[in-house]
Amino acid sequence: MDPVDQLIATSGLPSGSRAVVATAWQAMLDAAQAAWPEVRIDPPRLVEFIAQRLAGSDLAAALATAPAADLVLAAACTVQEPSAHAAFDAVLSEVDAAGASTRSAKDLIDDVKQLIRVQLLVAKDGKPPGIAGYRGKGPLRGWVRITATRELIRHRRKRAREAPSERPLDEALGDAGDPMLSQLKAEYRTEFATALREAIAVLDTEDRTLLRQQIVDQLSIDEIGAAFGVHRATAARWLQRARGALVAATRGRLAARLKLSVDEIDSVIRLVHSQLDASVVRYLRDSDD
């Protein structure tokens with residue numbers, strides 16, 4: 001079905017002249033293309049999203065007064081168009097503005113920016129991405145800024161409520177039945193706990209976010225790739241790099257603290273690497289709080 005006819009059939013608004021509706025529809029697409037020249041626009045796939053968000057006395061007027069560029073970008077993101085995901089990064093600058101207004105720390109702003117990117121752009125468990133909740137009743141940037149402000153305040157309160165504290169290694173590591181792990185706990189409890197937390201703290205924001213998304217949020221490689229707007233193979237390489245960076249940082253700190261030989265450090269690191277998910281999940285969650 002032609003997009004204009006589909007729009008008339010699904011909007012539920014009085015359509016009047018088809019020619020007038022067609023002109024208004026094309027004007028909306030032109031405005032979106034001007035605002036987001038790199039975004040691939042597939043009109044038939046946009047119709048259902050946009051038609052559900054139009055209101056007014058007639059269809060042509062509703063199209064003329066709707067936030068055209070914002071609705072089209074949100075629609076393209078909802079149908080998982082990669083070029084729209086890339087363009088959405090410009091809208092995410094509203095997280096920085098929200099961070100400034102709430103006087104949030106830079107690391108918190110960076111973490112919340114990635115969190116919102118996942119929340120709004122990644123479809124999960126058969127549910128549409130969060131941006132599908134945008135109704136077009138105001139600017140998309142304002143909608144994102146409100147979302148960011150809410151998340152920043154929530155995470156700041158969590159940080160204040162749950163200030164980081166030294167945790168025993170038994171709490172951080174999951175498999176207490178492994179004899180080598182038990183020996184490591186007994187001999188290097190404080191050193192390892194501190195080294196691991198310090199290693200996570202010095203990771204690049206992107207590496208820490210990647211590990212949190214896979215280990216804490218349990219996102220798949222495909223979902224992480226979608227969140228960052230890259231191919232799954234690229235996301236897989238990034239994750240391998242992040243894990244390698246964490247192991248290397250932990251090795252360096254353990255070597256400095258324990259003054260162990262290379263063989264002894266590598267033995268410890270092999271154990272740490274085998275228990276990586278169980279070991280870092282709480283620390284990564286702490287770094288998100």
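Q: Which side chain of opposite charge is nearest to aspartate 70, and how far away is it?
A: The nearest one is arginine 141, 6.7 Å away. Aspartate 70 is buried yet has no salt bridge. Buried means under 20% relative accessible area, exposed over 50%, and partly exposed in between (1.4 Å probe, protein chains only). A salt bridge is a side-chain nitrogen of Lys or Arg within 4 Å of a carboxyl oxygen of Asp or Glu. As for charge, Lys and Arg count as positive and Asp and Glu as negative, while His and the chain ends are not counted.

Q: What kind of model is this, and how are residues numbered?
A: This is a predicted model, in which local features need pLDDT of at least 70 and side-chain atom pairs count only at pLDDT 80 or more, whereas totals for chains, interfaces and linings use all residues. Residues are numbered from 1 along each chain as its sequence is written, and side-chain values use heavy atoms, with hydrogens and water left out.

Q: Back to aspartate 70: where is it found?
A: Aspartate 70 is in helix α5, residues 68-78. Helices (H or I, at least four residues) and strands (E, at least two) are DSSP runs, numbered from the N terminus.

Q: And what is aspartate 70 in contact with, leaving aside neighbours within four places in sequence?
A: Its partners are Tyr134, Pro139 and Leu140. Contact means heavy atoms within 4.5 Å.

Q: How many salt bridges does the count come to?
A: The count comes to 13. One of the pairs is arginine 18 with aspartate 5, whose closest N and O atoms are 2.7 Å apart.

Q: Why does that pair tie together separate parts?
A: Arginine 18 lies in helix α2 (residues 18-35) and aspartate 5 in helix α1 (residues 3-11), so the pair links parts that are 13 residues apart in sequence. Arginine 18 is partly exposed at 38% relative accessibility, and aspartate 5 is partly exposed at 31%.

Q: What about aspartate 111 and arginine 208: how do their side chains meet?
A: They form a salt bridge, at 3.8 Å from N to O. Aspartate 111 belongs to helix α8 (residues 106-121) and arginine 208 to helix α12 (residues 205-216), so this pair joins parts 97 residues apart in sequence.

Q: Are those two buried or exposed?
A: Aspartate 111 and arginine 208 are both buried.

Q: Changing topic, which residues have the most contacts inside the largest nonpolar core?
A: They are Trp25, Met28, Ile50, Leu54, Leu63, Leu73 and Phe88, in a core of 51 residues. The largest share of this core, nine residues, comes from α5. A nonpolar core is a set of buried Ala, Val, Leu, Ile, Met, Phe, Trp, Tyr and Cys residues joined through side-chain atoms within 4.5 Å.

Q: What does phenylalanine 88 touch, not counting residues up to four places away in sequence?
A: Phenylalanine 88 touches Leu73, Cys77, Leu120, Leu121, Ile131, Leu140 and Val144.

Q: At roughly what angle do the axes of α12 and α14 cross?
A: They cross at roughly 105° and come within 9 Å. That makes α12 roughly perpendicular to α14. Axes are lines fitted to C-alpha atoms, for helices over the stretch in contact, and angles run from 0 to 180 degrees between N-to-C directions. Angles under 35 degrees count as roughly parallel, over 145 as roughly antiparallel, 65 to 115 as roughly perpendicular and the rest as oblique.

Q: Now the backbone: what is phi of glutamine 80?
A: Phi of glutamine 80 is near 65°, a positive value in a residue other than glycine. Most residues other than glycine have a negative phi. Glutamine 80 is in the loop between α5 and α6 (82-91) and is partly exposed at 29% relative accessibility.

Q: And what about phi of arginine 103?
A: Phi of arginine 103 is also positive, near 55°. Arginine 103 lies in the loop between α7 (93-101) and α8, and it is exposed, with a relative accessible area of 76%.

Q: Lastly, how many helices and strands does the protein have?
A: The protein has 16 helices and zero strands. Buried residues make up 48% of its 289 residues.
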